[in-house]
Amino acid sequence: MDGERTVLRKFEHIEHCLKRNVQAHVSNGFEDVHLIHMSLPEIDKEEIDLSVEFLGRKFDYPIMITGMTGGTRKGEIAWKINRTLAQAAQELNIPFGVGSQRAMIEKPETWESYYVRDVAPDVFLVGNLGAPQFGKNARKRYGVKEVLYAIEKIEADAIAIHMNPLQESVQPEGDTTFAGVLEALAEIKSSIDYPVIAKETGAGVSREVAVKLEAIGIDAIDISGLGGTSWSGVEYYRAKDEIGKRLALRFWDWGIKTAISLAEVRYWTNLPIIASGGIRDGITMAKALAMGATLVGIALPVLKPAAKGDVKGVKKIILGYAEELRNAMFLVGAKSVVELRKVPLVITGFTREWLEQRINLSGFLSSRF
């Protein structure tokens with residue numbers, strides 16, 4: 001029964017993301033981050049190199065397609081989406097993550113909706129499991145066995161553990177068993193030979209959480225900040241009654257803006273960072289990379305072409321972002337992502353007000369990684 005409910009929920013999540021406006025009503029904060037135009041960039045645009053290294057692999061672009069879905073049967077929509085996205089990622093040489101594999105564990109026959117190796121043999125593939133299933137009070141607690149199953153069954157290169165307390169807290173059938181998750185993650189990290197990525201789902205990662213994750217050996221953080229898809233917004237449309245709708249509506253815009261989360265995590269840790277959460281153009285990507293992100297993550301912008309099985313459509317969107325990023329790098333005089341992290345930045349407005357209370361802002365601006 002739990003497996004059937006999980007599969008149904010996956011259908012509903014995809015449907016609402018495709019058909020409704022589930023965006024946050026607030027920005028991701030990057031409008032307060034300003035790159036400085038260089039009238040003499042002293043580089044040729046053609047020599048700009050967008051390649052980056054992440055978790056031991058080199059990628060052609062600093063862009064990752066982050067986890068969205070999975071859990072339907074072969075031939076159904078999640079299967080189509082994951083295969084389309086994986087093929088595009090394979091052809092572009094960028095990382096790709098599947099959505100939560102909980103359905104696969106509860107209903108093993110859905111595993112094929114996550115399996116993409118036949119169309120993407122070389123893609124850097126990231127599996128995905130939810131943090132509350134590792135809580136000490138979880139109804140069916142996961143451990144190292146489930147993590148290895150999720151990785152090895154789909155031949156993944158790494159695992160993302162998604163932290164989604166906001167979504168779970170407003171979801172009609174949500175799991176809010178987060179007590180003991182950090183300890184469980186520490187055990188997982190010490191017991192497996194695969195990279196572990198801690199991933200938020202639209203509400204951002206604070207400095208306090210990031211420091212704890214680094215201390216237990218987590219390999220990277222996907223901050224997934226406020227300003228993109230709101231999973232509280234998605235759950236608003238799934239709510240069964242007025243109380244549920246009101247709760248989800250109240251928390252639609254809860255969280256830490258992406259730009260703010262990025263600065264906090266970059267300042268307080270040395271971890272590789274995937275900056276996702278409302279990244280919708282190459283200029284914003286340039287700002288995120290300049291602030292110290294290793295990769296930028298996208299999801300919703302490529303969902304519609306993926307749902308149609310349109311590999312070319314997915315690639316067109318990503319290559320468009322890449323060209324915008326390249327142009328922004330040219331205009332600030334950075335011929336590589338490493339150089340982009342050294343260009344001057346100006347931070348203003350609400351983002352500056354927040355960061356002045358949370359980090360040494362002048363120190364951050366003068367010594368980004």
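Trainee: Let's start with Lys189: is Lys189 buried or exposed?

Mentor: This is a predicted model, and in it Lys189 counts as buried because its relative accessibility is 18%, with the cut-off for buried set at under 20%.

Trainee: Which side chain does Lys189 meet in a salt bridge?

Mentor: The general idea first: side chains of opposite charge can pair when their charged atoms come close. Here Lys189 pairs with Asp219, at 3.3 Å from N to O. The bridge ties together distant parts of the chain, with Asp219 in the loop between α7 and β9 and Lys189 in helix α6, 30 residues apart. Asp219 is partly exposed, because its relative accessibility is 21%.

Trainee: How many salt bridges are there in the whole structure?

Mentor: A search turns up 19. One of them joins Glu173 and Arg238, at 2.8 Å from N to O. Glu173 sits in the loop between α5 and α6, while Arg238 belongs to helix α8, 65 residues apart.

Trainee: On to pockets. How much space lies in the largest pocket?

Mentor: Rolling a probe the size of a water molecule over the atoms shows where empty space is left. In this model the largest pocket holds about 470 Å³. Its lining has 20 residues, and Met163, Pro165, Phe178, Glu200 and Val209 lie nearest the centre. Helices α5, α6 and α7 each supply at least two lining residues. By type, the lining splits into 14 nonpolar, four polar and two charged residues.

Trainee: What is the volume of the second largest pocket?

Mentor: That one comes to about 260 Å³. Of its 17 lining residues, Glu53, Thr294, Val337, Val338 and Arg341 are the closest to the centre. Two or more residues come from each of β2 and α14, and β2 gives the most, with three. The lining here divides into eight nonpolar, five polar and four charged residues.

Trainee: Last one: which residues make the nonpolar surface patch of about 250 Å²?

Mentor: Val211, Tyr267 and Trp268 make that patch. Val211 is in helix α7, and Val211 counts as partly exposed because its relative accessibility is 36%.

How values were computed:
Residues are numbered from 1 along each chain as its sequence is written. This is a predicted model: local features need pLDDT of at least 70, side-chain atom pairs count only at pLDDT 80 or more; totals for chains, interfaces and linings use all residues. Side-chain values use heavy atoms; hydrogens and water are left out. On a 1 Å grid over the protein atoms alone, a cavity is a set of points where a 1.4 Å probe fits but cannot get out, and a pocket is an open set with protein on both sides within 12 Å along at least five of seven lines; lining residues have an atom within 4 Å of a point. Grid points are joined across faces, edges and corners, and a volume is the space filled by probe spheres set on the points. Helices (H or I, at least four residues) and strands (E, at least two) are DSSP runs, numbered from the N terminus. Ala, Val, Leu, Ile, Met, Phe, Trp, Tyr, Cys and Pro count as nonpolar, Asp, Glu, Lys and Arg as charged, and the others, Gly among them, as polar. Patches are made of residues with over 30% relative accessible area and no salt bridge: like charges are joined within 9 Å, nonpolar side chains (Val, Leu, Ile, Met, Phe, Trp, Tyr) within 5 Å. Accessible areas come from the Shrake-Rupley method with a 1.4 Å probe; for residues, only the protein chains shown count as cover. A salt bridge is a side-chain nitrogen of Lys or Arg within 4 Å of a carboxyl oxygen of Asp or Glu. Buried means under 20% relative accessible area, exposed over 50%, partly exposed in between (1.4 Å probe, protein chains only).
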